[in-house]
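Below is a short briefing on a protein chain.

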Amino acid sequence: MKKFSFLFASLFLLAACGPTAGGGASGGGNKVEGDTIKIGMNMELSGDVSAYGNAEKEGIKLAVEEINEAGGVLGKKLELIEKDNKSENGEATSVAANLTAKDKVVAVVGPATSGATKATIPNMTKAAVPAITPSGTDDSITVVNDKVQEYIFRACFQDTFQGVILANFAQDNLKAKNVVIIGDNSSDYAIGLTKSFKETYKGNIVKEETFTAGDKDFQAILTKIKDLDYDAIYIPGYYAEAGLIIKQAREMGIDKPILGADGFGDEKLVEIAGAKNVSEVYYTGHFSEKAPATDKVKPFVEAFKKEYNKQPSAFNALGYDSVYMLKQAIEDKDSADSKDITEGLASLKDFVGVTGKMTMDKDHNPEKSAVVLGLTEGKETSADAVNP
């Protein structure tokens, strides 16, 4: 999942000219100092996509608390340094520099969105400190110009994977021979999802319409498609606009199944659309109680409910898994220094998380399963597990 498209080249140059992060690449990253293992959190806690960042923060904090209550890692407690990147790519760049240079963290979890994550790559690389994005799905996060980013990892699957899964789901599960696409043309996330879907889908794309992030009125687009002959609508985008499209479509009498990616995976989608309108809505998710990928799902759900008195979302689970991935990397290398954590993440194998059993591939992407969730009146009523 990724934030709106920005000029990455400009951000790269800006970040590269920023403050020199502690240790520097040639220095091998940061090393453990004192009685704690400092881990940074670079998250969207305010701004446009703060729902994602705050959900991941809840999962991150729960994991840190559990690990510390169980004795920590290598005899040391985890110390979480929290920072808000305000859902701004430039701010995410600054946060990455501050966490690595001033706070001397040995690893970072975040950002949540792909645009912000990509903006942090230069500073994380210069600092030689590893980062895990829980939910940055853009393919180009971990591989840029055919070069694997040594210090960047993810806990989620990629956009190409989601697009393929949704195209196959439309064909095989919904038996959709004709599809309409309504996509966000201002987001790399949506553009990538659209491309992957179109390359895989074997049916007919009857109409393709676009919108820009922040749009509120979709009546004109929906009027164009209302009387066309199609079997489903594919909406690659975030919950804010998708929720409004669903609401306005249903109010216009459009009752076709609606497909989306993990950007649908927040309770705000239902709040915006209205529960009564959110039926026959399907999206790719990272975990489900109805289709548990591992035996970690049930205890995680119980612990999360006890801590926060609510049902966990996929973003809660991804934040949670990211911390436990760091824990396993540290234990595998018997060291919490940045250099060793980086090596541990790169060689992570058979990690059992809430969102699946995963092994890190050569491009720093986890090989794991996904699930397509179905909603009826805003409630999850189906879950189809899909393996890569």
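How much space lies in the largest pocket? About 880 Å³ of space lies there. This is a predicted model, in which local features need pLDDT of at least 70 and side-chain atom pairs count only at pLDDT 80 or more, while totals for chains, interfaces and linings use all residues. Residues are numbered from 1 along each chain as its sequence is written, and side-chain values use heavy atoms, with hydrogens and water left out.

**Largest pocket**

- A pocket is an open set of points on a 1 Å grid over the protein atoms alone, where a 1.4 Å probe fits, with protein on both sides within 12 Å along at least five of seven lines; its volume is the space filled by probe spheres set on the points.
- The lining (residues with an atom within 4 Å of a point) has 30 residues, and the closest to the pocket centre are Glu 267, Tyr 283, Gln 311, Pro 312 and Ser 313.
- Two or more lining residues come from each of α2 (50-69), α9 (267-273), β12 (281-285), α11 (314-333), β16 (370-376) and β17 (379-386); helices (H or I, at least four residues) and strands (E, at least two) are DSSP runs numbered from the N terminus.
- By class, the lining holds 12 nonpolar, eight polar and 10 charged residues, with Asp, Glu, Lys and Arg counted as charged and Gly among the polar.

**Domains**

- The pocket lies between domain 1 (36-157 + 293-369) and domain 2 (160-285), because both give residues to its lining; the bounds come from an automatic or database assignment.
- UniProt, in an unreviewed entry, lists residues 36-373 as "domain: Leucine-binding protein"; such annotations may be inferred rather than shown by experiment.
- Over residues 36-373 the chain is 42% helix and 20% strand, and the end C-alpha atoms are 39 Å apart.

**Five-stranded sheet**

- This open sheet has the order β2-β1-β3-β4-β7 with parallel pairing, where two strands pair if DSSP finds at least two bridges between them.
- β2 (77-84) and β7 (152-154) each have a single partner strand, so one side of each is left without a neighbour in the sheet.
- The twist averages 25° from one strand to the next.
- β1 (residues 36-43) pairs with β2 in the parallel sense over eight bridges, and Ile 37 stands opposite Leu 78 in β2.

**Seven-stranded sheet**

- The order in this open sheet is β9-β8-β10-β11-β12-β16-β17, and the pairing is mixed.
- Its edges are β9 (204-211) and β17, each with a single partner strand.
- β8 (residues 178-184) and β9 form a parallel pair over seven bridges; Ile 182 has Glu 209 in β9 as its bridge partner.

Notes:
Axes are lines fitted to C-alpha atoms, for helices over the stretch in contact, and angles run from 0 to 180 degrees between N-to-C directions.
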